[in-house]
Amino acid sequence: MPDPALPRFTPHLLVPWSAATLVPKKQTARGGGDDLVDRSADRQGHVTRLLEGLRQAQHEAVEDRRESPAENRPDGFAIRVEAAEGHGLNLGALDSSGLTLLSAHPATPGHPQDAVVWIPDGLVPTFADKISQFTQDTRDHNPKQAATVANMQRIQRALLEHFWQEEAPLPELQAPRWWELWFDPSITEGDQIQGLRRTAAELGWRVAPRSITLGDYHVAQVEAPGDQLRLLLTTNCPAEIRRPNFAEEIHTTQRALQMPLVADLATRLEQAPPGSPTVCILDTGIRQEHVLLKDALAGRAQSAFPTEGPEDRNGHGTWMAGLALYGDLDAALTTNDPVRLTHGIEAVMLLPAKTPGTPRAFGEVTADAVAVAETGSVEQPRARVFSMAVTKHSVRPENGTDGTATLWSATSTRSRPARPSPSATTESNCTAPPTRPPPG
């Protein structure tokens with residue numbers, strides 16, 4: 001059977017941003033070490049401070065590992081090396097002689113360059129000796145190991161925040177959320193992904209069913225509270241931690257992946273100021289306790305039916321409210337920035353869950369719904385826009401199929417508020433849910 005003919009006109013994709021390659025920071029962090037700091041005034045003091053930081057980091061790592069099962073204890077630990085302000089580290093030296101450069105952050109205003117380095121327990125004396133050589137001179141009367149040691153300002157135990165590679169700040173650590181972990185297999189002989197799964201099983205974390213290999217790295221996603229994720233630093237240390245970007249659209253991902261994003265967005269919402277305009281949704285009601293809607297709704301949920309409350313048993317009204325309040329919800333869910341709302345929402349149930357005992361024309365119900373919205377709030381008057389994204393499917397030879405107005409559509413476009421208020425009423429024939437309903 002021949003392939004079907006291609007349509008003459010096909011949609012095009014417009015990508016209005018530049019492509020970017022996702023690579024480990026280690027791959028882009030070479031260089032540094034030039035323009036050495038002059039330590040001639042106190043070379044011994046500089047070495048003493050660095051060695052004390054190294055010994056303290058090892059001590060903390062050893063103490064933390066005592067709490068882990070013997071089979072989960074690594075034979076090394078991660079340190080953070082901070083550069084002197086305005087100078088660069090010799091990253092090549094931190095990725096040789098048995099040391100492994102896990103990642104590096106470039107210098108930014110107010111924050112010097114730093115690097116996270118994995119150091120095996122057995123190489124601590126060797127690394128300490130290299131630092132100590134800075135107090136000695138070469139035949140040319142220059143400090144030994146100057147290219148490596150001179151620009152170091154501080155050595156400390158690497159903390160969870162030092163592995164974070166996103167420009168956005170590290171999220172708050174108490175609530176469970178999804179994290180993306182990049183593992184460097186060169187620092188251990190064990191299977192790091194299996195180690196992660198064992199730890200996750202013990203602590204009740206969830207791990208994405210599949211991991212991927214990117215270059216020399218193994219990448220996995222895990223849902224866990226950040227303060228528990230710290231345990232990996234003593235059992236199965238990652239090279240980098242990032243915020244995951246799931247391939248699916250937010251609204252098509254598993255509900256388990258949506259909910260942490262929803263909870264995070266709820267903490268970043270800034271509601272519209274009192275007296276701001278509202279969008280009044282005439283639909284199937286609304287879920288009044290929805291975490292992304294309840295504060296913007298602020299109790300303004302009513303019903304045009306005396307025998308039914310405004311609770312949404314269908315879902316469509318809640319979807320429309322989310323669309324009216326946020327527009328493209330993906331943008332709000334996939335950022336760490338505050339989301340400032342400029343308007344509120346209201347809801348009036350227009351479509352009952354049960355058939356009323358006495359038939360009521362939708363034109364009448366629509367007029368009543370508008371009146372309920374206009375008279376039911378103590379905050380009147382306020383700027384209000386009505387949104388009614390429902391309609392009746394007309395079939396020939398009924399009115400409406402030939403462009404003539406039905407009672408319902410005429411009432412929708414001519415409804416007037418019970419008291420003066422900047423208002424508008426809109427109707428569409430959208431009966432399907434929006435593309436991106438609010439999760440949860």
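**Entry: glutamate 63.** I am reading a predicted model here. Glutamate 63 sits in helix α1. I then asked how far glutamate 63 is from threonine 234 in space, C-alpha to C-alpha. The distance is 9.5 Å, although 171 residues separate glutamate 63 and threonine 234 in sequence.

**Entry: α1 against α2.** I stayed with α1 and looked at its packing. In general, a pair of packed helices is described by an angle and a distance, both taken between the axes. Helix α1 covers residues 43-65 and helix α2 covers residues 124-132. Their axes come within 9 Å and cross at roughly 165°. Angles over 145 degrees count as roughly antiparallel, so α1 and α2 are roughly antiparallel to each other. The crossing of α1 past α2 is right-handed. Which residues make the contact? From α1 I noted Val47, Leu50, Leu51, Leu54 and Gln58. From α2 I noted Val124, Phe127, Ala128, Ile131 and Ser132. I sorted the residues of this contact by kind: eight are nonpolar, two are polar and none is charged.

**Entry: helix α12.** Next I turned to α12, residues 362-375. Helix α12 has 14 residues. From first C-alpha to last it reaches 20 Å, close to the 20 Å expected at 1.5 Å a residue. Which residues of α12 are buried? I wrote down Gly363, Val365, Thr366, Ala369, Val370, Ala373 and Glu374. I kept a general point beside that list: an α-helix has 3.6 residues a turn, so residues three or four places apart point the same way.

**Entry: positive phi.** Most residues other than glycine have a negative phi. Glutamine 145 is not a glycine, yet its phi is positive, about 55°. Glutamine 145 lies in the loop between α2 and α3 (146-149). With a relative accessible area of 27%, glutamine 145 is partly exposed. Alanine 298 also went into this entry, with a positive phi near 50°. I found alanine 298 in the loop between α9 (294-297) and β12 (301-303). Alanine 298 counts as partly exposed, at 48% relative accessibility.

**Entry: arginine 242.** Is arginine 242 buried or exposed? It is buried, because its relative accessible area is 6% and buried means under 20%. Arginine 242 belongs to strand β9, residues 240-242. I checked arginine 242 against glutamate 166, 76 residues away along the chain. The C-alpha atoms of arginine 242 and glutamate 166 are separated by 6.1 Å.

**Entry: aspartate 191.** I looked up aspartate 191 in the loop between β5 (176-183) and α5 (192-203). Aspartate 191 is partly exposed, at 48% relative accessibility. Asparagine 236 is 45 residues from aspartate 191 in sequence. Their C-alpha atoms are 9.4 Å apart in space.

**Entry: the whole protein.** I finished with the totals. The protein has 13 helices and 16 strands. Of its 440 residues, 45% are buried. I also looked up contacts with a separation of 6 or more: residues 24 or more positions apart account for 78% of them.

Technical notes
Residues numbered from 1 in each chain as written. Predicted model: local features only at pLDDT ≥ 70, side-chain atom pairs only at ≥ 80, totals over all residues. Heavy atoms only, no water. Helix = DSSP H or I, 4+ residues; strand = E, 2+ residues; numbered from the N terminus. Expected span 1.5 Å × (residues − 1). Buried < 20%, exposed > 50% of the residue type's maximum accessible area, 1.4 Å probe, protein only. Axes fitted to C-alpha atoms, helices over the stretch in contact; angles between N-to-C directions. Parallel < 35°, antiparallel > 145°, perpendicular 65-115°, else oblique. Left-handed = near helix turned anticlockwise from the far one by under 90°. Contact = heavy atoms within 4.5 Å. Nonpolar A, V, L, I, M, F, W, Y, C, P; charged D, E, K, R; others polar.
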